[in-house]
Amino acid sequence: MSEDINETFDDRQTFGERLADRVAAFGGSWPFIIAFGVFLAIWTGLNLLLRKEAFDPYPFIFLNLVLSMLAAIQAPVIMMSQNRQASKDRLDAGNDYQVNLKAEIEIMALLEKVEHLTARQEEQTELIRRLLAQKETR
């Protein structure tokens, strides 16, 4: 029997790996993009409305710093998740190879049995022909 690679792989995940997968899944989703777009709109809108009293006046240098820090953290986390997915894909490909090899061996065994049965059937058909020929000669 083949094993479930996903179950085996998920059982060996550390907390950091599970967290990286969740961050990557959320960071690459529409809810994140929409929420971040709303956050940016509120940030810039609020700072434009407050003008001189703004906590981050135009050209939004603090926002630029926050975005840079987010990218600096998010990029390696997403790369960790992608590396893990690549490892998982390699295990999955190895498992597929094993399953395909087992299937090929089983097919070869079945083909051998069918050939054996065909040969036996031909022998039996020939025996029946001989018996019928003997009966007709009597």
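Hi everyone. Let me start with a term: a residue is buried when its relative accessible area is under 20%, exposed when over 50%, and partly exposed in between, using a 1.4 Å probe and protein chains only. By that rule, 14% of the 138 residues of this chain are buried.

A word on the model. It is predicted, so local features need pLDDT of at least 70 and side-chain atom pairs count only at pLDDT 80 or more, while totals for chains, interfaces and linings use all residues. Residues are numbered from 1 along each chain as its sequence is written, and side-chain values use heavy atoms, leaving out hydrogens and water.

Now the layout. The chain has four helices and zero strands; here helices (H or I, at least four residues) and strands (E, at least two) are DSSP runs, numbered from the N terminus. The radius of gyration is 34 Å, well over the 14 Å from the globule rule, so the chain is more spread out than a compact globule. That radius is taken over C-alpha atoms, and the rule is 2.2 Å times the number of residues to the power 0.38. The C-alpha trace spans about 125 × 30 × 20 Å along its principal axes.

Let's turn to helix 4, residues 61–137. Its 77 residues should span 114 Å at 1.5 Å a residue, and its end C-alpha atoms are 111 Å apart, which agrees. The expected span is 1.5 Å times one less than the number of residues.

Which residues of helix 4 are buried? They are Leu63, Gln74, Val77, Ser81, Arg84, Lys88 and Asn95. These pack against helix 1 (5–11), helix 2 (15–27) and helix 3 (30–50), with contact meaning heavy atoms within 4.5 Å.
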